[in-house]
Amino acid sequence: MPAVIHPMPWGALYVEEHSGALTRIQYLRPGIRESGQGGFRMDGETPLLREACAQLDAYAAGRLRRFSLPLEAQGTEFQRRVWEELCRIPWGQTRSYGAVAQAVGCPRGARAVGMACHRNPLLIVVPCHRVIGADGSLTGFGEGLELKRRLLEAESSLLR
């Protein structure tokens, strides 16, 4: 599968495609690429990967608020419903895990929504960073709360 490692203001992203759709966007913690850990294969750049990187750059610069990329996320039916709902959260806004659960027809499923967010294979493009605790706290981000905070702050500061 073709893939690239793309530098961003908050760190590098591993971006992968298969059969004309993005299948994985993952944050690379500092040192992962250099150490050879993580099982990341680089099989060449494609037009889709170039477009994905261009859109990610535009997002980081505050010029893009909605991605338009073909996505193919592997997951359960429930996870896919959650991921689709996450894509409906407007740029610069947040929703609680409970609100997302309600929206996907599982009103008592806040924890299941949290697990679906944790298993999101398409970081940033499927904006799981926009999901927060019911009390407004930043919780449950597999890539670290510091990255979640930086993404949310970048979106909210560019709204002004």
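**Figure 1. F67 in the aromatic cluster of the predicted model.** F67 is buried, as its relative accessible area is 16%, in a model that is predicted rather than determined by experiment. Together with W10 and Y59, F67 makes up one aromatic cluster. A search of the whole structure returns two aromatic pairs. In one of them, the ring centres of W10 and Y59 lie 6.3 Å apart with the planes at 80°, and the pair is therefore edge-to-face. This pair connects distant parts of the chain, since W10 sits in the loop between strand 1 and strand 2 and Y59 belongs to helix 2, 49 residues apart. The rings of Y59 and F67 have centres 5.6 Å apart and planes at 35°, so this pair is classed as tilted. Y59 is buried, with a relative accessible area of 4%. W10 is likewise buried, with a relative accessible area of 10%.

**Figure 2. The hairpin of strand 1 and strand 2.** Strand 1 and strand 2 run antiparallel and are joined by six bridges. A hairpin of two residues connects strand 1 to strand 2. Among the bridged positions, I5 has Y14 in strand 2 as its partner, and P7 is partnered by A12 in strand 2. Five of the six residues of strand 1 are buried, so strand 1 is largely enclosed by the rest of the structure.

Figure 3. The open sheet consists of three strands in the order 1-2-3, with antiparallel pairing. Strand 1 and strand 3 are at the edges and have a single partner strand each, so one side of each lacks a neighbour in the sheet. On average, neighbouring strands of this sheet are turned by 25° against each other, direction ignored. Helix 2 packs on the sheet and touches strand 1, strand 2 and strand 3. The direction of helix 2 makes about 15° with that of strand 1.

**Figure 4. The largest nonpolar core.** This core holds 42 residues, of which L13 and L86 touch the most other members. Two or more residues come from each of strand 1 (3-8), strand 2 (11-18), strand 3 (21-28), helix 2 (47-60), helix 3 (77-86), helix 4 (97-103), helix 5 (110-118) and helix 6 (145-159). The greatest contribution is that of helix 2, with seven residues.

**Figure 5. The surroundings of L86.** When neighbours within four places in sequence are set aside, L86 is in contact with V100, C117, V126, P127, C128 and V131.

**Figure 6. Confidence along the chain and the stretch 33-37.** The average pLDDT of the chain is 90, and 90% of the residues score at least 70. Over residues 33-37, by contrast, the pLDDT is below 50. Beyond near neighbours in sequence, this stretch has two contacts in the model.

Methods:
Residues numbered from 1 in each chain as written. Predicted model: local features only at pLDDT ≥ 70, side-chain atom pairs only at ≥ 80, totals over all residues. Heavy atoms only, no water. pLDDT = per-residue confidence, 0-100. Contact = heavy atoms within 4.5 Å. Core = buried A, V, L, I, M, F, W, Y, C linked by side-chain atoms within 4.5 Å. Buried < 20%, exposed > 50% of the residue type's maximum accessible area, 1.4 Å probe, protein only. Helix = DSSP H or I, 4+ residues; strand = E, 2+ residues; numbered from the N terminus. Phe/Tyr/Trp six-rings, centres within 6.5 Å; stacked < 30°, edge-to-face > 60°. Pairing = 2+ DSSP bridges. Axes fitted to C-alpha atoms, helices over the stretch in contact; angles between N-to-C directions.
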